[in-house]
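Colleague: I have one request. Please pick a single part of this model, look at it closely, and then tell me how it relates to the rest.

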Amino acid sequence: MSESNDKESNNFLEAIVEEDLALGKHDGRLLTRFPPEPNGYLHIGHATAICLNFGLALKYGGQTNLRFDDTNPVTEETEYVDSILEDIAWLGFKPAGVYYASDYFPKLYDFAVDLIRKGYAYVDDSSSEEIARLKGTPTEPGVNSPYRDRSIEENLELFEKMKNGDFQEGSRVLRAKVDMSSPNMIMRDPLLYRIKFAHHHRTGNEWCIYPMYDMAHGQSDSIEKITHSICTLEFVPHRELYDWLIEKLEIYPSKQYEFARRNLSYTVVSKRKLLRLVQEGHVRGWDDPRMPTLSAMRRRGYTALAIREWAKRVGIAKRENLVDLGLLEFCVREDLNRIATRVMAVLNPLKVTITNFPEGKTEWLETDNNPGDPEAGIRSLPFTGTLWIEQEDFMEVPPPKYFRLSPGGLARLKSAYIIQCDEVIKDDAGEVIELKCTYFPESKSGEDTSGLKPKSTIHWVSAERAVRAEVRLYDRLFTVENPGADDRDLLDLIDPESLTIVQDAWVEPALAETEPGRQYQFMRLGYFATDLDSTPEHLVFNRTVTLKDTWKKVAARS
């Protein structure tokens, strides 16, 4: 490691890895894994696990496997496999290998047979209700199943018949024979296999029995020789069974470690709740930019680097806590500030006529694509006699400390000229619909000799040359900080203003050639990304995250 890395304080998992490597455990290897179920889209919670597993491996010269935990054929789809592969690649990680628990079905079946032969597993004919009843409670021991003492020969015969499809779904299960009085409820003869007649996305109809999570998890780790199997805290009670199965099977001793989830404020990641939002049409799909899925964040304009930086900042701990969404938004702003092209767009247009600008003339002005990046270059802006500015940048009766345009007042147009408002045009309802202004030719940006000192700079676009666009203003989906812990119905917590669509925005003509995924800073408005729905005939932009608005802060304080 570098000197700077030595000075960083290690989290508890890094301390474990360093100690294991120093002691020469696992032959000095480090191999982690990320094991998603292919039954949904990855979300921001998964991102922390991905960054943790791949990050540990990268830091200590190890590797990380991607293994799809595809043991439930009812809920799994190839669509989810493809999206997970895309998300991990987008985050910037490359697994050492891509595996599937279903690859190991024959080996896992052999493991189950081995447990039966050793007297550590039996076939139980009890119903699920009866199994639950006999399991006992945390304060009362369970009761042995009447089928627990079947002979090894009978169990082998019944388990083979289960595999061959001779029994109905739900009629029998394979259980581990552990201890029905264990204080750990997981260890009270846990289920290892169940019958399920369903088409599997990879194995088709080859199998009609499928391993439970605990039967597949540790054994798949062992098959791949995973050294550090990292899970979230809810799997702490499962660690005893993880170790028990590996010990009884006498296979490679992978080890499980746990860390705490990082819950994000104003967000839910429950698959059941997210599915409801999608199925009932409260969002536009799994990649709706208000959703916490990685595909949604990518569509919204979040960068992979920002998410990795966020995961690094929130760190790893042994206690769950709620992380402020503002920290993720801060990381997004930091990265977009570095890479996004600065452009001008007007969302609430107010017409400005420059009365002393030659009619029909177009003057091309130069402006920086990104002032913080000299390599970003410059582009040309068309300046004409009719412009659009934001309605919010004019006030007929300005309050104190309002320095934008007002009657008789001055304002600089970004990368252009200083203008003065001479006349206000209103419609029959008294609404301001146009400003008549003069510009000062000697005040051109970068060549200003006018001596005028306006106190504000506002953005604008040429009314003759601008391109119409749809702009989707996204905000937080929920109105409460911790919707997952709120007892009210989820739908009661949705912010009805989480999406505002501006149909008639105007953007500078350079954006006519934009492509989906391109990121911009709409100057003074926020960071935006070109949406997947965007076409050359109908531009669509998503607001990724807002900018700070100094005037709103002043107004709020006053």
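Modeller: First, a term. Helices and strands here are DSSP runs, numbered from the N terminus; a helix has at least four residues and a strand at least two. By that naming, Glu434 sits in strand S20, residues 432-439. Keep in mind that this is a predicted model. I come back to Glu434 below.

My pick is helix H4, residues 78-91. Start with its length. H4 has 14 residues, and at 1.5 Å a residue they should span 20 Å. The C-alpha atoms at its ends are 20 Å apart, so the two agree.

Now its buried face. Tyr80, Val81, Ser83, Ile84, Asp87, Ile88 and Leu91 are the buried residues of H4. They lie on the same side of H4, because their arc around the axis is only 165°.

What do they pack against? The partners are strands S1 (31-34), S2 (63-68) and S3 (97-100). Helices H3 (44-59), H11 (294-300) and H12 (304-314) are partners too. Just after H4 comes Gly92, with a positive phi of about 100°.

Back to Glu434. Its relative accessibility is 13%, so Glu434 counts as buried; the cut-off is under 20%. Beyond its neighbours within four places in sequence, Glu434 contacts Leu350, Lys351, Thr353, Glu423, Val424 and Ile425.

Technical notes: Residues are numbered from 1 along each chain as its sequence is written. This is a predicted model: local features need pLDDT of at least 70, side-chain atom pairs count only at pLDDT 80 or more; totals for chains, interfaces and linings use all residues. Side-chain values use heavy atoms; hydrogens and water are left out. The expected span of a helix is 1.5 Å times one less than its number of residues. Buried means under 20% relative accessible area, exposed over 50%, partly exposed in between (1.4 Å probe, protein chains only). The arc is that of the directions from the helix axis to the C-beta atoms. Contact means heavy atoms within 4.5 Å.
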